[in-house]
Amino acid sequence: MTVSTVIFSGVMAIFSGWFTTYLITTYRTQSEFGRLSVTTTLVAVIGLVLIWLVRGFGYWGLLWRAGLTAVLGWAALFHRRPLPVKPRWNRLVFLELLRTGAPIFLVVQAGTLVFALDRVVLVDSTLTMGLFTLANMVTNAARMVPVAFSTVVFPRMAERYGQRRQGRELWWMAWKASAPAIAASGIIGLAGWLALPPFVERFAPAYTGGVRAAQWAAWGGVALGFHAFANIFNVVRR
C-alpha cells in the first residue's frame, strides 16, 4: 500500500497538471473569470474537506489528498469548460510547441526550485520545519489571487498578440491585471498580519513560534502581483 500510494499521488498530480494547464486556456474571456473562480473555490473547499484523510491516515493520507485534489481539480474544470473542444494531434505543431516551450519549462522549473529553497535550508531542524509549515500554507493562499489574475489574462494576451502583433498592448493588459491583484493581495496581507497571531494562539498554539514567518508570508501576494507581466515573454516567445 505504501508504494501504491506514492505512485498514485505522483502520477495523478502530473497527469492532472497537464490537463489543468490545457483546460484553463479554454476560459479565455473576461466574462469567464467568475466561472473559473467558482470552480477553483469549489476545488479548494473539497481539498479542505479531504483534510480528514490526513487526520485519519497521517502522511499517507496527505498523499491521497494530494492525488484526489489534483484529479477533482481538472475534472471540475473539464465539466464546466466554456469551450467544449477536443485536443487534436499535429506533429508539426507539437514540434513547434516543444521548441518554444522547452526553454519556458526550464525557467518555470528554476522558479519552482527557488520557492523550495527555504524548506531545503530548514531541513536539518524538524522543529523549525514544522513551524515553517504555517508560513508555507499562508504563502500558497496568498499566491492564489495574483496567479488567478495572471492565469485569466494570459490567453487573452496571446489572442490579442496573435491578432495585432503589437507588444505594447500586452504591457497595458498586464498592468490592468496586476493593479487589482496587488490591491487585493495588500488587503489579504494586512488581514493576515493582524489575524494570524490571535488565530494561531486560539486554534493552533503549538505553532506560535511560526507566526512571524507566516505574517511576512501573507504579503507574498503583493510581491507576486506583477506575475501577469511574466506572460508577456511567454506570449512573444522570448
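Me: Where does tryptophan 52 sit?
Reply: Tryptophan 52 is in helix H3; helices here are DSSP runs of H or I with at least four residues, numbered from the N terminus. This is a predicted model, where local features need pLDDT of at least 70 and side-chain atom pairs count only at pLDDT 80 or more, while totals for chains, interfaces and linings use all residues. Residues are numbered from 1 along each chain as its sequence is written, and side-chain values use heavy atoms, leaving out hydrogens and water.

Me: Which residues form the nonpolar patch on the surface?
Reply: Val6, Val45, Val49, Trp52, Phe57, Tyr59, Trp60, Leu62, Trp64, Leu68 and Leu72. Together they have about 1,000 Å² of accessible area (Shrake-Rupley, 1.4 Å probe, only the protein chains shown as cover). Patch members have over 30% relative accessible area and no salt bridge, with nonpolar side chains joined within 5 Å.

Me: Which helix gives the most to that patch?
Reply: H4, with six residues. H2, H3 and H4 each supply at least two.

Me: New topic. How many salt bridges does the structure hold?
Reply: Two, each a side-chain nitrogen of Lys or Arg within 4 Å of a carboxyl oxygen of Asp or Glu. In one, arginine 99 pairs with glutamate 96, with the closest N and O atoms 2.9 Å apart. Both lie in helix H5 (residues 91-121), three residues apart, about one turn of the helix.

Me: And which side chains meet at 3.1 Å, N to O?
Reply: Those of arginine 160 and glutamate 169.

Me: Is glutamate 169 buried or exposed?
Reply: Buried, at 16% relative accessible area (buried is under 20%, exposed over 50%, partly exposed in between). Arginine 160 is partly exposed at 29%.

Definitions and conventions
Patches are made of residues with over 30% relative accessible area and no salt bridge: like charges are joined within 9 Å, nonpolar side chains (Val, Leu, Ile, Met, Phe, Trp, Tyr) within 5 Å. Buried means under 20% relative accessible area, exposed over 50%, partly exposed in between (1.4 Å probe, protein chains only).
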